[in-house]
Amino acid sequence: MTYPEGLFYSKDHEWVKLEGNRARIGITEYAQGALGDVVYAEVPSPGDEFAAGDNFGSVESVKSVSDLYIPVSGKVVEVNGELDGSPELINRDPYGKGWVAVVEMDDPGETSGLMSASDYEAFVGESD
Amino acid sequence: MNKSEELKKTPLFELHNRLGAKMAEFGGWAMPMQYSGIIEEHNSVRSGAGIFDVSHMGEIRVRGKDSFGFLQHMTTNDIGKLQPGKIIYSLMLYANGGAVDDFLVYMLGENDYLMVVNASNLDKDFSWIIEHTAGYDVKAEDISDEYGEVAVQGPKAEDTLRKLTDYDLSGIAYYEFRQDVEMAGMHVLISRTGYTGEDGFEVYMSPDRAEELWNAIVKAGGEYGIKPCGLGARDTLRFEARMPLYGHELDKDTTPLEAGLSFAVSLDKDFIGRDALLKEKQEGLKKKLIGFEMTDKGIPRQDYEVYKDGSKIGYVTTGTHSPTLGKNIGLAYVAPEFAKTGVELEIMIRGRLGRAVIVRTPFYKRAAK
């Protein structure tokens, strides 16, 4: 499996797309495949503030709940309202329509602690 | 998967891996949890057909002059209801009324019975049986290794299997079985039973022919959209139909009366646990199994606490997002005074209370033919 270039990746299988000072966040293809059919996503609310590593939501499949850990610190400015009626967007389009939240980053330099696409690919290869 | 080396494997293990199934441990076995996805598999059973590997189930044969009396003593349901070719659902209980296991009993012939038990409880069940044979002219054998088993379930299950046999399957009524039926070039035992709430069959064959039969069934069911289904869908299907799963709705601290299984209990005869059940009926049940539907967002799961007006009144045994109903539903034990349809409850879902309401079960019932 290859992962989109231009995104950063966390050990908890989330991706980050830098949009100026903001970070759009979702879960990777590997994560959605491991989860199975997503039936519910608990997303944060605009205004919520998190430090990198905080539990900022969860994604539920038929059989299990997976906590989401925010890869970067910041304040939530947008959440994906479409996930309410269509949680399966996370399975079908994890890097696009399946995005979870956008945060205004406290420190855009924090992405240096995340993995590149090729590092993440190697990381996932080791976990299998 | 190194873990698979320590786990037991069904005759279809290689096949599941070739199909790309997600495998996991269940009851000491390496089993397929899903192939194409739980929701898709679940839906294929409700609308067409699905095939399940259930070879992990345990089979215990009980034979001998006293087998009737022995089973009457050991199990809750009336063995007198059986004739050769018929099946009943039953339980074995501890003296305190708690469940050892739930299972099916097939009457193979005079003084010859087959118990089909939960994979996770096979060793416990067999030991329990052997411990109690003293004084009975009866022989119990664990013959699980002699069978492979598949379940074919759904409105198109019979159409699928009809293509593989000249035997008139329509003549097999619900909870009946036939032995030595020729199907796809082999001899099988076939019963109209299942764990999905749909019409369907369970087919027992020689383990070395299991893969051959699976492939024949998949080919025959192709026009009906038959899909391989794993334990994930097996669980969501049985749950919608309110069928209990040992370890969830049943355990050693739960009686069949609490679980709403009095149809499988014959208090007219003496059996291990009967006195405890009679006492329970007299004094009142300590808990009752109910079904509920979430009215707030959130998915209830096993062991989540149930509240009413600020007090804990019970716990969830099974909960999930129901693919067929498109709702979040659950089964729970609650104090009996709250066990009525329409009662509002709250479920503690990971730190937050979500509102729910008690509904009638089964959540899903297939349309009458």
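The largest nonpolar core of this predicted model has 131 residues, and those with the most contacts inside it are B:Met115, B:Val150, B:Val152 and B:Val203; such a core is a set of buried Ala, Val, Leu, Ile, Met, Phe, Trp, Tyr and Cys residues joined through C-beta atoms within 7 Å. Strand β7 (residues 99–109) of chain B gives the largest share of this core, six residues, where helices (H or I, at least four residues) and strands (E, at least two) are DSSP runs numbered from the N terminus. A residue is called buried if 20 or more other C-beta atoms lie within 10 Å of its own, exposed if 12 or fewer, and partly exposed in between, with C-beta atoms placed from the backbone.

Because the model is predicted, local features need pLDDT of at least 70 and side-chain atom pairs count only at pLDDT 80 or more, while totals for chains, interfaces and linings use all residues. Residues are numbered from 1 along each chain as its sequence is written, and chains are lettered from A and ligands numbered from 1 in the order in which they are written.

**Core and chain contacts**

- Not counting residues up to four places away in sequence, B:Val203 touches B:Glu149, B:Val150, B:Val152, B:Val188, B:Ile190 and B:Leu213, a contact being two residues whose C-beta atoms, placed from the backbone, lie within 7 Å.
- Seven residues of chain A are in contact with nine residues of chain B.
- On the side of chain A that touches chain B, the residues divide into three nonpolar, one polar and three charged, where Ala, Val, Leu, Ile, Met, Phe, Trp, Tyr, Cys and Pro count as nonpolar, Asp, Glu, Lys and Arg as charged, and the others, Gly among them, as polar.

**Chain A**

- Chain A has four helices and nine strands, which follow the pattern β-β-β-α-β-β-β-β-β-α-α-β-α along the sequence.
- The C-alpha trace of chain A spans about 35 × 35 × 20 Å along its principal axes, and buried residues make up 43% of its 128 residues.

**Helix α2 of chain B**

- B:Ile39 is found in helix α2 (residues 38–47) of chain B and is buried, with 23 other C-beta atoms within 10 Å.
- Leaving aside neighbours within four places in sequence, B:Ile39 is in contact with A:Asp37, A:Val62 and B:Pro323.
- Helix α2(B) is mostly covered, with seven of its 10 residues buried, and what covers those buried residues includes β3 (29–34), β4 (50–53), β10 (148–153), β14 (227–229) and α7 (231–240) of chain B.

**Domains and backbone of chain B**

- Chain B is divided into domain 1 (2–52 + 148–240), domain 2 (58–145) and domain 3 (287–369), with bounds that come from an automatic or database domain assignment.
- The C-alpha centres of domain 2 and domain 3 of chain B lie 33 Å apart.
- The peptide bond from B:Thr361 to B:Pro362 is cis, with omega near 5°, and B:Pro362 is found in the segment after β20 (352–359) of chain B.
- Although not a glycine, B:Tyr175 has a positive phi of about 65°, and B:Tyr175 is placed in the loop between α5 (157–162) and β11 (177–183) of chain B.
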